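Biologist: Please take me through this model one feature at a time, giving the general idea before each case.

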Amino acid sequence: MDASTNKLMSKNGLAIKRLSQELFSYEVGDRIRTITEYVDLLDSSRGTVQSAMKFLQEDACISLESRGHLGTFLVKMNHKKLWEYSDFGVIIGAMPLPYSKRYEGLATGLYKVFENKEIPFSLSFMRGADKRIQALNFGKYSFAIISKLAAEIHQNENHNLSIVHEFKPESYVGNHVVIFRDPKHTQIKDGMRVGVDSVSLDQSRLTEIECESLNVTYVATPYNQIIQKLEMNEIDAAIWNGDEIFEKKLDVYIQPLKNPVAKEMDQKGNIAVIVVSNETKVIGRIMERLLDFDLVEAVQKEVMANEMIPIY
């Protein structure tokens with residue numbers, strides 16, 4: 001067992017780990033906190049914090065420079081070594097199934113920015129914002145990608161969710177449309193059977209608003225079965241993501257949303273956000289400080305324009 005391992009297993013191990021996690025969110029050139037501030041932040045003794053800081057410097061994880069009354073600054077940083085001591089492991093994010101170029105581009109961009117910072121990273125693909133948020137709260141993932149609309153709905157009901165970053169409009173979907181079985185229909189009317197996917201917060205909430213005050217029958221319909229149920233005459237209409245329709249050139253009958261409130265909500269439904277739980281806030285802070293989210297969106301646009309092959 002080497003000296004580093006022995007050190008991590010000693011009483012100073014926890015302080016080294018937590019200090020590594022804190023310092024990883026810094027950039028070279030940043031002024032770090034004072035020892036007194038780290039004592040309060042890590043809930044540790046002054047001697048333990050000083051010992052942990054000295055260990056990270058001696059092991060070439062960081063290099064510090066004191067500038068008198070200006071404070072102490074980070075002048076060198078070994079991300080790879082510091083990550084190992086932080087004990088974060090692999091950061092795993094959850095996002096929608098990559099059935100559209102927009103999602104493929106988002107996934108490719110995320111892999112790119114994590115790779116640039118040498119942070120171990122992986123994505124898991126799950127249908128339904130509810131399921132992704134539930135898995136996040138269970139500690140299965142470090143963060144999740146959902147729409148701004150879904151995030152705000154959950155934040156009103158669950159204070160364990162925080163938005164780390166909000167991407168630009170149309171980063172999540174282009175827009176939602178109403179899809180009909182019969183081409184003569186231009187809007188949802190009384191008596192119709194309307195497909196609704198309760199797992200999809202966006203689709204279910206938009207459906208509820210679009211059908212407000214109408215006497216319709218809701219039919220539980222998984223998002224990926226909407227076309228099939230329309231063809232089998234099991235539903236008359238449903239709200240769907242327009243991306244898949246246009247990309248696959250599906251021969252279906254669509255109309256824009258009619259309800260003004262639904263149309264306004266859809267403006268939030270097309271924005272992608274990164275969310276973390278209270279337990280993964282430190283990961284969110286690292287992402288917010290170190291990742292180039294503008295590059296994520298640039299890569300997404302290149303993938304959507306077929307100028308880059310998606311890799312995820």
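Biologist: Let us begin with a single side chain: is Trp240 buried or exposed?

Modeller: Trp240 has a relative accessible area of 4% and is therefore buried, where buried means under 20% relative accessible area, exposed over 50%, and partly exposed in between, computed with a 1.4 Å probe on protein chains only. Tyr223, at 11% relative accessibility, counts as buried too. Please keep in mind that this is a predicted model, in which local features need a pLDDT of at least 70 and side-chain atom pairs count only at pLDDT 80 or more, while totals for chains, interfaces and linings use all residues. Residues are numbered from 1 along each chain as its sequence is written, and side-chain values use heavy atoms, with hydrogens and water left out.

Biologist: What is the mean pLDDT of the protein chain, and where is confidence lowest?

Modeller: pLDDT is the predictor's confidence in each residue, from 0 to 100, and where it is low the predicted coordinates should not be read in detail. In this protein chain the mean is 91, with 96% of the residues reaching 70 or more. Confidence is lowest in helix α1 (residues 3–9), at a mean of 51, and highest in helix α14 (residues 293–304), at 98. Helices (H or I, at least four residues) and strands (E, at least two) are DSSP runs, numbered from the N terminus.

Biologist: How many aromatic pairs does a search of the whole structure find?

Modeller: A pair of aromatic rings is described by the distance of the centres and the angle of the planes. Rings of Phe, Tyr and Trp (its six-membered ring) pair if their centres lie within 6.5 Å, and planes under 30 degrees apart count as stacked, over 60 as edge-to-face, and the rest as tilted. The search finds 12 such pairs in the whole structure. One of them joins Phe121 and Phe143, which are stacked at 6.1 Å centre to centre with 5° between the planes. Because Phe121 belongs to strand β4 (residues 121–125) and Phe143 to strand β5 (residues 143–147), this pair ties together parts that are 22 residues apart in sequence. Both Phe121 and Phe143 are buried. Tyr223 and Trp240 make a tilted pair, at 6.2 Å centre to centre and 40° between the planes. Tyr223 sits in the loop between β9 (217–220) and α10 (226–231), whereas Trp240 is in strand β10 (residues 237–241), so the parts tied together here are 17 residues apart in sequence.

Biologist: Which residues do ring pairs link into a cluster, and which residue lies over the face of Phe73?

Modeller: The cluster consists of Tyr111, Phe114, Phe121 and Phe143. As for charges, one sits over a ring if NZ of Lys or CZ of Arg is within 6 Å of the ring centre and within 35 degrees of the ring normal. Arg67 lies over the face of Phe73 at 4.2 Å from the ring centre, and Arg289 lies over that of Tyr26 at 5.9 Å.

Biologist: What is the order of the strands in the open sheet?

Modeller: Strands of a sheet pair through backbone hydrogen bonds, either parallel or antiparallel, and two strands count as paired if DSSP finds at least two bridges between them. The open sheet has 5 strands in the order β4-β3-β5-β12-β6, with mixed pairing. Its edge strands, β4 and β6 (161–166), each pair on one side only. Taken on average and ignoring direction, neighbouring strands of this sheet are turned by 30° against each other, the axes being lines fitted to C-alpha atoms (for helices over the stretch in contact) and angles running from 0 to 180 degrees between N-to-C directions. β6 pairs with strand β12 (residues 272–277) in the antiparallel sense over 5 bridges, and Ile163 stands opposite Val275 in β12.

Biologist: Why is strand β3 largely enclosed by the rest of the structure?

Modeller: Strand β3 (residues 91–95) has 4 of its 5 residues buried, so the rest of the structure largely encloses it. β3 and β4 run parallel and are joined by 5 bridges, with Ala94 opposite Ser124 in β4. From β3 the chain passes through helix α6 (residues 101–116) to β4, a right-handed β-α-β crossover; right-handed means that, with the strands pointing away from the viewer, the path from the first strand over the helix to the second runs clockwise. β3 and β5 also run parallel, joined by 2 bridges, and Gly93 has Phe143 in β5 as its bridge partner.
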